[in-house]
Amino acid sequence: INNDGYGLFWMVWWVGDVLGALLIAPLIFVWSRPWRPGREPARWFEGAVLACLLVVVGLAVFHDMFPQKVVRLARGSYSIWPLLIWAVVRFRQRGGVLALLLVSLIAISGTAAGHGLFSGSGAIHTPSPHERLFRVQCFMAVTAVSMMFIAAALAERRQAILARDEFISIASHELKTPLTALRLRLATALKVLGVEERLADAGAAEKATRAVTAASSTTDRLG
């Protein structure tokens, strides 16, 4: 524990457990479902390019892979987010959890070794290993929750679109069936004719006549 105290040590331990649950549990749940891999070469090529970019950017941000001053000035935790959003949008939950796991491995290993954005190199106060791990774990926890929210929203949107398409398909099939139209016409006639008080009204009687006439013409078309 050194001079960090039990409080920081416990926080690092607890956030590490939470981060493990955020990364490993979704991975198990998502990949335990049946999956049929796509056969499109372009899809596999896109996934390979995305994985390479995640590794390169992750090493640049968390491992000081590129020591150039320009790269050090431009790097930031935000630079990894567009790639993670790319993984979530294009490869859905399966690609999102894999991308998060890959980035977390790179980030935690680089920070534990004293490299990268959360190493605190050049700062007035040099952070201890526990402080560095606490920072990177908090960053990855927030990133994981954010990406999962995006993935869940996209999954709900896709399910809503599928439900809408299914409803439109069923509705169009039913509307093309003459018996459905006949049932609707007869139901309208029965509603009007079923109440004797409404028959005394000329408007209701006229409406009933039109409904029965329409039902009769539909029956004629069926015949």
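The model is predicted, so local features need pLDDT of at least 70, side-chain atom pairs count only at pLDDT 80 or more, and totals for chains, interfaces and linings use all residues. Residues are numbered from 1 along each chain as its sequence is written, and side-chain values use heavy atoms, with hydrogens and water left out. The predictor's confidence in each residue is given as pLDDT, on a scale from 0 to 100. The mean pLDDT of the protein chain is 77. Of its residues, 66% reach 70 or more.

The secondary structure consists of eight helices and zero strands. Helices (H or I, at least four residues) and strands (E, at least two) are DSSP runs, numbered from the N terminus. Along the sequence the pattern reads α-α-α-α-α-α-α-α. Among these elements, helix 4 has the highest mean pLDDT, at 91. Helix 7 (residues 196–199) has the lowest, at 48.

The protein chain has 223 residues, and 30% of them are buried. Buried means under 20% relative accessible area, exposed means over 50%, and partly exposed lies in between (1.4 Å probe, protein chains only). Contacts (heavy atoms within 4.5 Å) were also counted. Among contacts between residues at least 6 apart in sequence, 71% join residues at least 24 apart.

In soluble globular proteins, nonpolar side chains tend to be buried together. A nonpolar core is a set of buried Ala, Val, Leu, Ile, Met, Phe, Trp, Tyr and Cys residues joined through side-chain atoms within 4.5 Å. Here the largest such core has 28 residues. L54, F62, I80, L84 and V103 have the most contacts inside it. Helix 1 (5–31), helix 2 (41–62), helix 4 (81–112) and helix 5 (129–176) each supply at least two residues of this core. Helix 4 gives the most, with 10 residues. Leaving out residues up to four places away in sequence, I80 touches L54, V57, G58, V103 and F139.

Helix 4 also holds G96. G96 is buried, at 8% relative accessibility. Its C-alpha atom is separated by 7.5 Å from that of A151, which is 55 residues apart from G96 along the chain. R92 lies in helix 4 as well. Phi of R92 is near 60°, a positive value in a residue other than glycine. R92 is partly exposed, at 46% relative accessibility.

A salt bridge is a side-chain nitrogen of Lys or Arg within 4 Å of a carboxyl oxygen of Asp or Glu. The count by this rule is one. The side chains of E46 and R90 form it, at 2.8 Å from N to O. E46 lies in helix 2 and R90 in helix 4, so the pair ties together parts that are 44 residues apart in sequence. E46 is buried, at 15% relative accessibility, whereas R90 is partly exposed, at 38%.

W44 belongs to helix 2. W44 is exposed, with a relative accessible area of 51%.
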